[in-house]
Each structure stands twice: as structure tokens, then as C-alpha cells.
Amino acid sequence: MAQRELLVPLNVYLSTGIHIGMIQRLKVMAPYIYKVRPDKLAVFDIQKIDERIRLAAKMLARYEPEEILVVSRKKNGHKPVVKFAEAVGGARAKWGRFMPGMLTNPNYEGYFEPKVVVVTDPFADRQAIMEAFNANVPVIGLCDTYNNPQYVDLIVPLNNKGKKSVALVYWILAREYLKIRGNIKGDAEYKFSAEDFEMPDSPVVRRDGDDRRGRGGMRSERRGGFNRRF
């Protein structure tokens, strides 16, 4: 049986290092690992990465943009989650520290009731995962070999440490979301590049942020306001 064509060319996946895992690996992530290199680094199966991105896009496409929350405490995911929110047309992006009560305390100023949550790293974003679990909200997790996907409903295996690999995944997810929902007819109509989602090398940003409108931008400490380069 012929394999399905990948969502992006193989060389694009490989160039981002999306398939390079860690020496540390959990048994639960074994089904997604292709091999372990002589230096003991695990290597993900590109085909399985691609398949899980497809599943994640289909799951997200069940929801309106404003029902989606994308989260990243780690810096390499700050710009990707903001650009994803912008690209799909109004998702909520939370970058930096996830404040306790955001999904569980109606009295909290930033309280939000999403229908689905996407986390960039289940370890760093464990507060968001636990609150989503307690609120009975499904979670899509970008999981590296060392991540424990407990309370994650859909695993997308990948190198979630690299800025290029994380940017690529969010770029693909946004594109496929728009295609499935009929907002664009094909790849040619997608106005964003993967580089648009990539975190700069030396960003000067606030420690945390919350883009409620999905319109892009991250607040800069040095300049104030929003950095529209994002």
C-alpha cells in the first residue's frame, strides 16, 4: 500500500530537525520513534509525525477559531502560537506563564472557556493541561520523547525544543485548519510562510502575554505596544 503524500516535502521536515528527539525517552512515546542513533538520540518517524499533524488539524477544524486556545510557556513557541491564532482568524494565544485559574476560576479576570487546548510542551505547559482536564476540555499536545502525555488527548510527536520545528508544526496546523473548514481552497491561497511563525533569535518580550483577539503581536519591554514584525 502506497504511503500518503506528506503535508510538506520530506526535506522541509528534515531541515527543521522536527524528527530529532532526546536521549531521555518514555515508553509511551516508543510507537512514534523510528530508531535510536549511535549517540543515543531518538529519531521520530516522519510519517507518524505527519499523520498526527493531520489528525490534530481535523480535530481543531471541529471548532470555531474563538473556541481554540494555544499555549506556550517556552520561548520557542511564543511567536508560533500568536501567529497560529492570527492565521486561523481569532483563536486565543497564551504565551509565557499560564496563570492559575484561567480555565477554572470564573472570578479571574483572564478567565476563558475554550472548547479545545493546544500545548507546545506538556511539561512546561502542565498548568494549562491540568486546568483543561479539570474543565473537561480536550488537549492536543506537541510531545517530545521525554514528555509524559498524561491528560493529553491527542499526541503530536516532534522535537518541541527547536524554534524551526515548532514554527513548522503551527504553520501546517493553521494551513490545514483553513483548508478543512473551506476558508482557503488550497496551499496557494495560504498567505503565511513558515518563517512568519518562527521565533526571532533574540526577542525582547515580556515574561508572559495573552493575545485574546488572535491578531498577532507580542508586547515588547523596550518599545511598549505590540511588535508588528510578528
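**View 1. Contacts of serine 72 in the predicted model.** Serine 72 touches Gly77, His78, Val81, Lys94, Trp95, Gly96, Thr120 and Asp125, with residues up to four places away in sequence left out of the count. The model shown here and in the following views is predicted. Serine 72 belongs to strand β3. With a relative accessibility of 0%, serine 72 counts as buried.

**View 2. Pairing of strands β3 and β4.** Strand β3 (residues 68-72) and strand β4 run parallel and are joined by 4 bridges. Within this pairing, valine 71 stands opposite lysine 94 of β4. Strand β4 comprises residues 92-95: Arg92 and Lys94 point one way, Ala93 and Trp95 point the other way, and all are buried. In a regular strand, side chains alternate between the two faces of the sheet.

**View 3. Helix α3 within a β-α-β unit.** Together, β3, α3 and β4 form a β-α-β unit that is right-handed. Helix α3 is mostly covered, 10 of its 11 residues being buried. The buried residues of α3 are His78, Lys79, Pro80, Val81, Val82, Lys83, Phe84, Ala85, Ala87 and Val88. Glycine 89 follows α3 and has a positive phi, near 100 degrees.

**View 4. Packing of helix α3 against helix α5.** Helix α3 (residues 78-88) packs with helix α5 (residues 163-180) at an angle of about 10 degrees, and the two axes are 9 Å apart. Angles under 35 degrees count as roughly parallel, and α3 and α5 are therefore roughly parallel to each other. From α3, the residues Pro80, Val81, Phe84, Ala87 and Val88 meet Val166, Ala167, Tyr170, Leu173, Ala174, Tyr177 and Leu178 of α5. By class, this contact of α3 with α5 has 12 nonpolar residues, no polar residues and no charged residues.

**View 5. Asparagine 136, a loop residue with positive phi.** Asparagine 136 lies in the loop that links α4 (126-134) and β6 (139-143). Its phi is near 60 degrees, a positive value in a residue other than glycine. Most residues other than glycine have a negative phi. At 71% relative accessibility, asparagine 136 counts as exposed.

**View 6. Tyrosine 151 in the loop between β6 and β7.** Tyrosine 151 is found in the loop between β6 and β7 (154-157). The phi of tyrosine 151 is near 75 degrees, again positive in a residue other than glycine. With 32% relative accessibility, tyrosine 151 counts as partly exposed.

Definitions and conventions. Residues numbered from 1 in each chain as written. Predicted model: local features only at pLDDT ≥ 70, side-chain atom pairs only at ≥ 80, totals over all residues. Heavy atoms only, no water. Axes fitted to C-alpha atoms, helices over the stretch in contact; angles between N-to-C directions. Helix = DSSP H or I, 4+ residues; strand = E, 2+ residues; numbered from the N terminus. Parallel < 35°, antiparallel > 145°, perpendicular 65-115°, else oblique. Contact = heavy atoms within 4.5 Å. Nonpolar A, V, L, I, M, F, W, Y, C, P; charged D, E, K, R; others polar. Buried < 20%, exposed > 50% of the residue type's maximum accessible area, 1.4 Å probe, protein only. Pairing = 2+ DSSP bridges. Right-handed = clockwise from strand over helix to strand, strands pointing away.
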